[in-house]
Amino acid sequence: MKIEHVELLHVAIPLVTPFRTSFGTMTSKDTFLLHVVTDAAEGWSEFAADPEPLYCSEFVAGAQIVLRDFLIPRVAALPRLTAAGVAPATAKIKGHQLAKATLETAVLDAELRAHGMSLATYLGAVHDRVPAGVSVGIKESVPALLDDVERYLGEGYRRIKLKIEPGWDVEPVRAVRERFGDALPLQVDANTAYSLADAEHLRRLDEFGLLLIEEPLDEDDLYAHARLQERIATPVCLDESIHCARDAAAAIAMGAARVVNVKPARVGGYLEARRIHDVSAAHGVPVWCGGMLETGIGRSPNLALAALPGFALPGDTSASSRYFAEDITEPFVLHDGYLPVPTGPGIGIEPLADALRRFTRARQTLWGE
Ligand code: NPG
């Protein structure tokens, strides 16, 4: 394949409800889609991060420059373009995993479409539907949180994740356990909001039988996560700390992660995400698929990944209605707490022309005429 044209479409879609985490509050999904046209087929992808570098160091405006000036020119210069060639061609550019994932995914979509193969088949999926979890943001009160959890359980979600931060942890978890019982699959996500000095406090969560506590400490501190795991019974799960399969191997080996959240965007794309799945599975460590409030363009390939055998826990792969009144693609609808794994070629979905027109704020050609 050869790249002929790359276009970036800046989209902004309102969220049905504000989403508050320990790092900030989001009210809309404000990002860009990448549309890559090759001589064989076209591909789509979505940049997963936000306008501000609050979850990670990457952000929308920065990624646009990195793609335009450093990543796309290297990939467009390849004599024979394949998705597997994107990471080697861009390896000299330090970091920028989310921008790299956007480019690799659009190329992979085009390549698989050219072969008529679905991403799920390509990755080695073993399920045709995956159980859906839901991530519940920090609320203004415990009653408001209980209302949200009740509504999501009523919709069929199979697992609840509560966002926590200092001052919003033991009490909301206790309230959810008391109201919905010990059988509810429940986990928490701190997004790096604590320090090792909070170990005794975090140990208070042990009595609630949580599936895991996600990324409690600083993202660049595997050592502290290992020390914390020695002091708490709740399994530590890493998200922000894991940027590649080697990180996952190291975290598992040093006892810093008993569970791994796999976000393809955070690790440079689906090929590295599969390696993390493989290395975790080799160690008997369960993985699950994270989410970054993706539109259907980012959600569809995540569902393909979540259908691999080692994805033993429900992911943050919720139905489109959990995020948007109207998505940019056909919506993903929950059936009995499950979402279907897309079967069409490539990522299995495309933007709807009319929705794309209404949600697009700006378009920019990054390569070609
Ligand atoms: O359902 O997609 C979803 C959101 C899941 O909690 C979720 N994502 O820290 O994992 C996270 C968090 C997030 C949201 C991260 C937005 C970055 C941006």
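Predicted model: local features only at pLDDT ≥ 70, side-chain atom pairs only at ≥ 80, totals over all residues.

Biologist: In which order do the four strands of the open sheet lie?

Modeller: Read a sheet strand by strand, from side to side. Here the order is β3-β2-β1-β13, with antiparallel pairing. β3 (42-46) and β13 (360-367) are the edge strands, each pairing on one side only. On average, neighbours in this sheet are turned by 20 degrees against each other, direction ignored.

Biologist: How many bridges join β1 to β13?

Modeller: Look for bridge partners. Strand β1 (residues 3-21) and β13 run antiparallel and are joined by six bridges.

Biologist: Which helix lies across β2 and β3?

Modeller: Helix α3 (residues 97-115) does, running at about 145 degrees to β3.

Biologist: Now β10. Are its residues Val259 to Val262 buried or exposed?

Modeller: Check each side of the strand. Val259 and Asn261 point one way, Val260 and Val262 the other. All are buried, under 20% relative accessible area.

Biologist: What does β10 pair with?

Modeller: Strand β9 (residues 236-238) pairs with β10 in the parallel sense over two bridges. Cys237 stands opposite Val259 there. The chain gets from β9 to β10 through helix α9 (residues 245-253), in a right-handed β-α-β crossover. Strand β11 (residues 287-289) also pairs with β10 in the parallel sense, over three bridges. Val260 has Val287 of β11 as its bridge partner.

Biologist: Which helix belongs to the β-α-β unit of β10 and β11?

Modeller: Helix α10 (residues 270-282), and the unit is right-handed.

Technical notes
Residues numbered from 1 in each chain as written. Heavy atoms only, no water. Pairing = 2+ DSSP bridges. Axes fitted to C-alpha atoms, helices over the stretch in contact; angles between N-to-C directions. Contact = heavy atoms within 4.5 Å. Buried < 20%, exposed > 50% of the residue type's maximum accessible area, 1.4 Å probe, protein only. Right-handed = clockwise from strand over helix to strand, strands pointing away.
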